Amino acid sequence: MQIAVLSGKGGAGKTLLAVNLANLIEGSTFLDCDVEEPNGVFYFADTYNKEEVYTKIPVINDHLCKHCNKCVDFCRYNALIDFLGKVKVLPSLCHSCGGCQLVCPHGAIKEKDELLGYINYTSVRDHKIFGGELRIGKETGVSIIEKILAKANTNEDSVIDCPPGNGCSVMESISDADYCVLVSEPTVFGLENLKMVYDLTKIYKKKSGIVINKAVEDNGLVEAYAKEIHIPILGYIPFDKNLALSNSKLEMVSNGAFKSYFDHVLNRIKKEVSI
Ligand code: SF4
Ligand code: SF4
């Protein structure tokens with residue numbers, strides 16, 4: 001079973017839930033795809049191994065270039081510009097699709113490797129841990145996410161900490177998930193972000209359920225929405241100062257006083273997946 005944990009914004013409690021679910025599932029693999037904030041690995045270990053991830057960036061050979069601009073017109077990401085009659089590459093916008101090289105009729109484009117980021121990995125007890133890390137200044141970590149997801153053994157359980165929002169990197173992260181857990185705060189802002197990620201899971205035809213984090217007495221806004229879209233509330237994580245303090249110290253709160261909340265969520269997910 002592959003569980004993807006996502007939320008419409010950062011700080012909703014996605015990583016808190018993802019690491020603690022992985023902690024409770026025996027022998028599971030934890031995949032931190034939140035490459036712009038790669039803190040999930042640190043809940044499990046202080047030291048880890050590092051693998052470099054490279055991406056391909058086009059290089060223009062000015063001697064061969066005939067200034068036809070076919071590559072500039074082709075690039076959807078505006079990573080190629082015609083600057084005073086010379087084609088320039090803007091590496092930070094390039095998505096390494098390789099298309100410009102294919103459309104160039106004069107063989108003037110080659111590719112070079114560029115360091116995009118890292119995969120941090122380790123093993124803790126019976127868990128395998130992988131976390132992506134995007135280098136500062138890089139625009140997209142999709143290639144890192146693809147490589148992290150490839151580390152998961154499809155016969156074993158895994159938990160994915162997705163990036164926040166509903167962009168390409170989130171789409172990539174949930175592509176093979178069996179179940180999506182949508183983490184939301186019980187506020188108007190939380191609800192709006194929840195709607196955004198729910199719409200994404202609908203497009204991908206993924207089964208999903210909601211966990212309300214920082215739950216208070218009245219969580220009616222999110223509960224009413226869950227009813228309206230006919231998906232279950234899998235559980236509640238309380239708005240609790242001690243929990244927040246422990247979590248801020250990267251403690252695994254599912255090993256202590258808050259275990260029952262995470263057990264409950266996990267049991268509901270298992271039930272939902274088997275339906
Ligand atoms: S590789 Fe793709 S994204 Fe990058 S410059 Fe070429 S066409 Fe644009
Ligand atoms: S497609 Fe090739 S020849 Fe045309 S502008 Fe681009 S690099 Fe130059």
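Student: How many residues surround ligand 2, and which are the closest?

Tutor: There are 13 residues around ligand 2, and the closest are Cys65, Cys68, Cys71, Cys104 and Ala108; a residue is near a molecule or strand if its C-beta atom, placed from the backbone, lies within 6 Å of it. This is a predicted model, in which local features need pLDDT of at least 70 and side-chain atom pairs count only at pLDDT 80 or more, while totals for chains, interfaces and linings use all residues. Residues are numbered from 1 along each chain as its sequence is written, and chains are lettered from A and ligands numbered from 1 in the order in which they are written.

Student: How does the shell around ligand 2 divide by class?

Tutor: It has eight nonpolar, three polar and two charged residues, where Ala, Val, Leu, Ile, Met, Phe, Trp, Tyr, Cys and Pro count as nonpolar, Asp, Glu, Lys and Arg as charged, and the others, Gly among them, as polar.

Student: And which residues come nearest to ligand 1?

Tutor: Cys75, Ala79, Cys94, Cys97 and Cys100 come nearest, out of the 13 residues around ligand 1. The shell of ligand 1 has nine nonpolar and four polar residues, with no charged ones.

Student: Switching topic, in what order do the nine strands of the open sheet lie?

Tutor: The order is 3-6-7-2-8-1-9-10-11, with mixed pairing, and two strands pair if DSSP finds at least two bridges between them. Strand 3 (49-60) and strand 11 (233-238) are the edge strands, each pairing on one side only. Strands here are DSSP runs (E, at least two residues) and helices are too (H or I, at least four residues), numbered from the N terminus.

Student: How do strand 9 and strand 10 run, parallel or antiparallel?

Tutor: Strand 9 (residues 179-184) and strand 10 (residues 208-215) run parallel and are joined by five bridges; Val181 stands opposite Gly209 in strand 10.

Student: What about strand 4 and strand 5, what do they form?

Tutor: They form a hairpin with two residues between them, and Leu84 in the turn has a positive phi of about 50 degrees. Strand 4 (residues 80-83) and strand 5 (residues 86-89) pair in the antiparallel sense over four bridges, and Asp82 has Val87 of strand 5 as its bridge partner.

Student: Now the helices: at what angle do helix 6 and helix 7 cross?

Tutor: Helix 6 (residues 188-203) and helix 7 (residues 220-229) cross at roughly 25 degrees, their axes coming within 9 Å; axes are lines fitted to C-alpha atoms, for helices over the stretch in contact, and angles run from 0 to 180 degrees between N-to-C directions. The two helices are therefore roughly parallel to each other, since angles under 35 degrees count as roughly parallel, over 145 as roughly antiparallel, 65 to 115 as roughly perpendicular and the rest as oblique.

Student: Which residues make that contact?

Tutor: Helix 6 contributes Val188, Gly190, Leu191, Leu194 and Tyr198, and helix 7 contributes Leu221, Val222, Tyr225 and Ile229, where contact needs the C-beta atoms, placed from the backbone, to lie within 7 Å. That contact has eight nonpolar, one polar and no charged residues.

Student: Which strands does helix 7 lie across?

Tutor: Helix 7 lies across strand 9, strand 10 and strand 11, and runs at about 175 degrees to strand 10.

How values were computed. Two residues are in contact if their C-beta atoms, placed from the backbone, lie within 7 Å.
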